[in-house]
Amino acid sequence: MQVGIVGLGRMGANIARRLMRAGHRIVCYDRDDKAVQALAADGATAATDLADLAARLAPPRAIWIMLPSGDVTERTVFDIAGHLDRGDVVIDGGNTFWRDDISRAKKLAERGVNYLDVGTSGGVWGLERGYCLMIGGDRASVEWLDPIFSALAPGAGAIPKTPGRERRDPRVEQGYLHAGPVGAGHFVKMIHNGIEYGLMQAYAEGFDILRHAGDEGRAPDEKFDLDIPDIAEVWRRGSVVSSWLLDLTAAALAADPALAAFTGHVEDSGEGRWTVEAAVEEAVPANVLTAALFARFRSRRDTTYADRILSAMRKGFGGHGEAK
């Protein structure tokens, strides 16, 4: 298939490259011409602006937007829609607030343009590992674009099958899900990221407790000089707390046990706040997720070793820098 990609940052460029590896044709655009030319060198067709990108795609068109959430994505969605025809599809693969998806879809529908929201997880590793996709939108558009989603998804890999799934959607086992109508994809991704906050916080606090096991004030026979990198490594192997987040933590600790390169000022990119807001709206207790979000706020005033652990994980999976 042919796909237009708008936004060639950490994830957008690699989404384009993974699609090209699967034989799909990419037309790309970014305000940074160097990013466009770098992808063109890998085989993509370069566009000079949004109008040129639309003109280089044969109808029906599929345009994947991979930009930061907020005004820049909002403007781009409607700017590109002005160059599209009935039956074309705009895909937002960023971390947009799900209610904004619903509003956009209604406005685009007036023009006959379809809209999909795709929660995309995989960070800077997606090119090699694939992307876990949570898709919202109409069934016909999702099925038409199935070759795109299938190419981006990680595939079943070596993960054992879950018993009892024989009659369920097999695409889920490949790493992509049609979650429901417009907004459902980003809603599911929002909760995914809220859970991510809680998991990261649990690891961070646990390692911080281990690090202080030999502090002054403890009884001499109760002091432990623990090797934190080795503990992280052994937990990766057969432990019930093993995970990709732990893999990233172990790698960061092996390179620098004190994590001296990190200040511990931990940013939050929106989804954690939205998750807590959804919990309040639904009157669902979310003690752990809320505490994890508030811990990030606190980190910008008084940092700890746990905060440096969080920063290391964020850099590991998403290439995220620290709050300034």
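**Rings and their neighbours**

Mentor: The charged end of Arg 129 sits over the ring of Trp 244, 4.0 Å from its centre. "Over" takes NZ of Lys or CZ of Arg within 6 Å of the ring centre and within 35 degrees of the ring normal. Bear in mind that this is a predicted model: local features need pLDDT of at least 70, side-chain atom pairs count only at pLDDT 80 or more, and totals for chains, interfaces and linings use all residues. Residues are numbered from 1 along each chain as its sequence is written, and side-chain values use heavy atoms, leaving out hydrogens and water.

Trainee: Which ring does the charged end of Arg 296 sit over?
Mentor: Here the distance to the ring centre is 3.6 Å. The ring under Arg 296 belongs to Tyr 197.

Trainee: Are the rings of Trp 98 and Phe 187 stacked or edge-to-face?
Mentor: Rings of Phe, Tyr and Trp (its six-membered ring) pair if their centres lie within 6.5 Å; planes under 30 degrees apart are stacked, over 60 edge-to-face, and the rest tilted. These two centres are 5.2 Å apart with planes at 85 degrees, so the pair is edge-to-face.

Trainee: How many residues apart in sequence are the parts that this pair ties together?
Mentor: Trp 98 lies in helix H5 (residues 98-109) and Phe 187 in helix H9 (residues 184-211). Helices here are DSSP runs (H or I, at least four residues), numbered from the N terminus. The pair therefore ties together parts separated in sequence by 89 residues.

Trainee: Is Trp 98 buried or exposed?
Mentor: Buried means under 20% relative accessible area, exposed over 50%, and partly exposed in between (1.4 Å probe, protein chains only). At 16% relative accessibility, Trp 98 counts as buried.

Key. Helices (H or I, at least four residues) and strands (E, at least two) are DSSP runs, numbered from the N terminus.
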